[in-house]
Amino acid sequence: MADETKKKEILEKLRNGVIQYDEDACREGAQEAVDAGLDANEAIFDGLVSGMEEVGRLFEAQEYFVPEILMCADALYAGLDILKPHCKQMDLGVRGSVVIGTVEGDVHDIGKNLVRMMFDVAGFTVYDLGRDVPLDQFVEEQIKTDSELVCLSAMMTTSMVGMPKVIEKIKEKNPDCMIMIGGAPTSKELADKWGADGYAEDAGNALKEAIKMVAFLKKLRDEKLNK
Amino acid sequence: MNSRERVLKLFRKEPIDRVPCFSGMGNITETGINTLGYRFAGIHLDARQMAETAASTFRLYGYECGIVPVDLCVEAEALGCVINVYPHAEGILYPTIKEKLIHNEDEMDIQVPADLSERGRVPLMREAIRILKADIGSEVAVGSYVLGPFTLAGQIMELNDLLKLSFKKADKVAKLLDLMADAIIIVAKEYEKAGVDYITVREMGATSDVLSPRVFKNLILPPLKKVHSALSVSSVLHICGKTNDIVESMMEAGPTAISVEHKNDVVETRKKLGDSALIFGNFDAYNVLVSGTEELVRSTMRKCIDDGVSAVWPGCDIWPTVPPQNMIAMMDEIKKYGGKK
């Protein structure tokens, strides 16, 4: 087990690597964590995710904007790719599999990719259908993979209206499946009206929501460790 | 004063009898398409169908303009992107870009094709404008729209890459955006020749929710200025999202008017820009006009006017499934309330 000073130094390197969108620092930090025998889950949550939380704060404070967040996400993935194979299966009570994609008629996937990052971090099995996905494909993939969660994204009002059809079809075949909708034009009212189980709050930005979800997982983990 | 005179006088800042209700963005309706016996997927490739559908919103509801195109892919397609019009879709799917022109950073050094004005659907748009103009041009102002340089760049290459490069390699992006401005000007000039009364520049990708005001000033503003200064007809600059921090820069870009959506606080914007500035907006085209009640539509129209818009105008394309009674309520409320301020 790494000594505390070394551990702190590595976690700090991972955290700052994400904040300063420094992919090399995250890669180095992740390798050092592996070499020092640091718990990979700890490196992910107390290093990378902790950095992403600060990025979320900087975004709220309008110091960071979307380009910075995308670079921070690249840095997070650079570290995550190295740490992932060393992860013991986490038990956060939320693990599972998810089908995610942007609905047909929409070719925007930045918000979807940031939400996906959250699932990757949490150790979910992610079935990413990509963008401009025909509605039936969400239904088929959910049935094929028996996923607990389906996430539908749309950035344009002009493509969002395909969502209720998917929700209806999935619920008809599999009433227990949770469905989340997200993207700029969605709202709580629409989620309720269409029968979705959740939506990206503050619909103006799916990014903040993804970061909030990551932070929530970290909190779950912290509570578990402190028990 | 008919709708055409009202809108043209507004652009010239001359006195008018009431606030007009029109748009520079898409406003075709399903009711209009059905009345004509067309299919949504069919109108993108047929100038006459497109023009007749565009005219139907005025004919059915008295909406005070006629606008083509209907989709957002004209410029990207002319530059060489492959589009998908979803020809077999039953419902309403707007065309999207299927194949991008630039696949990575190394491919950013492109040229604007010399025959851009004859490529893709640019000739079809010229034709549609002419038909629309001949059809309803004496009664309403006929408008058209082009994309802004940044939004167009986000179509011909991965938006993800474009955003990161705006930060990492601003020079390279600036060069591409300048080129996009040239392409946009060529297309807009064709629309002018075909007879449009005004052109809206839709730079919706460059919202201040996404980019910092600093990046907006350094990177987005120069090519927008280039586009607006090249236009001869009245122009409107539209940007989505929380635009309060950049409304002054939007004006600096040189449009005749700016267009903002419901996330903009128009009272603040009016204070910042003064009484004479033309500010168009700013209601939620989906949550008010499509899924709202008639009463919500009416109260929203009054709020827009009370907040100080120069014209009531939706924050985005009007979604085609808009219920006819909401369109009727919108126009009725404008006529009743629009002259009171």
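A polar contact is a pair of N or O atoms within 3.5 Å; within protein, one must be able to donate a hydrogen and the other to accept it, and residues adjacent in sequence count only if both atoms are side-chain atoms. Between chain A and chain B, 5 residue pairs are in polar contact (both at pLDDT 80 or more). This is a predicted model, in which local features need pLDDT of at least 70, side-chain atom pairs count only at pLDDT 80 or more, and totals for chains, interfaces and linings use all residues. Residues are numbered from 1 along each chain as its sequence is written, and side-chain values use heavy atoms, with hydrogens and water left out.

**Between the chains**

- Chain A brings 30 residues to the contact and chain B brings 28 residues, where contact means heavy atoms within 4.5 Å.
- About 2,400 Å² is buried between chain A and chain B, and 63% of it is on carbon and sulfur atoms; buried area is the accessible area (1.4 Å probe) that two parts lose on being put together, summed over both.
- The two chains are joined by 2 salt bridges, each a side-chain nitrogen of Lys or Arg within 4 Å of a carboxyl oxygen of Asp or Glu.
- R131(A) and E158(B) form a salt bridge through their side chains, at 2.5 Å from N to O.

**Nonpolar core**

- A nonpolar core is a set of buried Ala, Val, Leu, Ile, Met, Phe, Trp, Tyr and Cys residues joined through side-chain atoms within 4.5 Å.
- Buried means under 20% relative accessible area, exposed over 50%, and partly exposed in between (1.4 Å probe, protein chains only).
- The largest nonpolar core has 185 residues, and those with the most contacts inside it include L152(A), F22(B) and I156(B).
- Leaving aside neighbours within four places in sequence, I156(B) is in contact with residues including A76(B), I102(B) and M180(B).

**Salt bridges within chain B**

- Over all chains, the count is 46 salt bridges.
- In the salt bridge of E64(B) with R6(B), the closest N and O atoms are 2.6 Å apart.
- E64(B) is buried, at 0% relative accessibility, and R6(B) is also buried, with a relative accessible area of 5%.
- K225(B) and E252(B) form a salt bridge at 3.2 Å, N to O.
- K225(B) is partly exposed, at 34% relative accessible area, and so is E252(B), at 39%.
- K271(B) pairs with E268(B) in a salt bridge whose closest N and O atoms are 3.4 Å apart.
- K271(B) is exposed, at 62% relative accessibility, whereas E268(B) is partly exposed, at 36%.

Key
Chains lettered and ligands numbered in written order.
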